[in-house]
Every structure is written in C-alpha cells, then in structure tokens.
Amino acid sequence: MNRQDELDNNVVWSCAEHGMETYFKVKEFEKKFSQLKTIEKIDRAVGFIFSRNGFTNEAEDYCKDKGIACSEDEKWLGV
C-alpha cells in the first residue's frame, strides 16, 4: 500500500479546523468512509464528522439523511 492509499483508506473522521463543514466536504468523507468499509470488510458502521466551527445547513441535513453522525461539540472526541 502506498502513502496515498493510506491517506485515502484510513479516514475515520473529518476535522475542519478553519471553516464550516460543507456539503462537498461531507460527500468526500462519505466516499472515503465507504472505501474504508469495503477494504476492511465492515458491514455496519457509523461515520462521525467533527467540525469545531459547525456545519452548513445543507451539510447537516445531508448527514442526517445519510445517517452520518456530526457534531461541533468536542466532548464527542473524548478530549
């Protein structure tokens, strides 16, 4: 496995340090999360996106529709 494969396949959550999570960022997360589940042969899993600066309404609605957990509350990171 090359470095790009590692980056593409080891995404468990997406962190946005500068700006709100957008619909397009959430879609990219969903794609990478799907790849990870396929590679690891995982049938059921819940994706989680943490964004310190929150989510656009469109991104939050998309997460709800797709069953992707999302939060801007740091307590979910266990820190």
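The chain has three helices and three strands, where helices (H or I, at least four residues) and strands (E, at least two) are DSSP runs numbered from the N terminus. Along the sequence these elements follow the pattern α-β-α-β-α-β. This is a predicted model, in which local features need pLDDT of at least 70 and side-chain atom pairs count only at pLDDT 80 or more, while totals for chains, interfaces and linings use all residues. Residues are numbered from 1 along each chain as its sequence is written, and side-chain values use heavy atoms, with hydrogens and water left out.

**The chain overall**

- Of the 79 residues of the chain, 27% count as buried; buried means under 20% relative accessible area, exposed means over 50%, and partly exposed lies in between (1.4 Å probe, protein chains only).
- Taking contacts between residues at least 6 apart in sequence, 56% join residues at least 24 apart; a contact means heavy atoms within 4.5 Å.

**Helix 2**

- Helix 2 covers residues 23-39, which is 17 residues.
- From its first C-alpha to its last, helix 2 reaches 25 Å, close to the 24 Å expected at 1.5 Å a residue; the expected span is 1.5 Å times one less than the number of residues.
- The residues Val26, Phe29, Phe33 and Leu36 of helix 2 are buried.
- These four cover an arc of only 80° around the axis, which puts them on the same side of helix 2; the arc is that of the directions from the helix axis to the C-beta atoms.
- An α-helix has 3.6 residues a turn, so residues three or four places apart point the same way.
- Phe24 and Thr38 are exposed, on the face of helix 2 turned away from its buried side.

**Aromatic pairs**

- Rings of Phe, Tyr and Trp (its six-membered ring) pair if their centres lie within 6.5 Å; planes under 30 degrees apart count as stacked, over 60 as edge-to-face and the rest as tilted.
- By this rule there are three aromatic pairs.
- Tyrosine 23 and phenylalanine 24 form an edge-to-face pair, 5.4 Å centre to centre with 80° between the planes.
- The rings of phenylalanine 29 and phenylalanine 33 are stacked, because their centres are 5.6 Å apart and their planes are at 10°.
- Phenylalanine 29 and phenylalanine 33 are four residues apart in helix 2, so about one helical turn separates them.
- Phenylalanine 29 is buried at 2% relative accessibility, and phenylalanine 33 is buried at 11%.
- Tyrosine 23 is partly exposed, with a relative accessible area of 22%, whereas phenylalanine 24 is exposed at 64%.
- Ring pairs link Tyr23, Phe24 and Tyr62 into a cluster.

**Helix 3 and its packing**

- Two packed helices are described by the angle between their axes and the distance between the axes.
- Helix 2 and helix 3 (residues 57-66) pack at an angle of about 30°, with their axes 8 Å apart; axes are lines fitted to C-alpha atoms, for helices over the stretch in contact, and angles run from 0 to 180 degrees between N-to-C directions.
- That makes helix 2 roughly parallel to helix 3, a term for angles under 35 degrees, with over 145 roughly antiparallel, 65 to 115 roughly perpendicular and the rest oblique.
- Tyr23, Val26, Lys27 and Glu30 of helix 2 meet Glu58, Ala59, Tyr62, Cys63 and Lys66 of helix 3.
- In helix 3 the buried residues are Ala59, Tyr62 and Cys63.
- Seen down the axis of helix 3, its buried residues fall within an arc of 100°, so they line one face of the helix.
- Those buried residues pack against helix 2, strand 2 (48-51) and strand 3 (69-71).
- Asn57, Glu58, Lys64 and Asp65 are exposed on the other side of helix 3.

**Alanine 59**

- Alanine 59, in helix 3, is buried with a relative accessible area of 0%.
- Leaving out residues up to four places away in sequence, alanine 59 touches Glu21, Thr22, Tyr23 and Val26.
- Alanine 59 and valine 26 are 33 residues apart along the chain, and their C-alpha atoms are separated by 6.4 Å.

**Positive phi after the helices**

- Most residues other than glycine have a negative phi.
- Lysine 41 has a positive phi of about 55° although it is not a glycine.
- Lysine 41 lies in the loop between helix 2 and strand 2, and lysine 41 is exposed at 72% relative accessibility.
- Glycine 67, which follows helix 3, has a positive phi near 75°.
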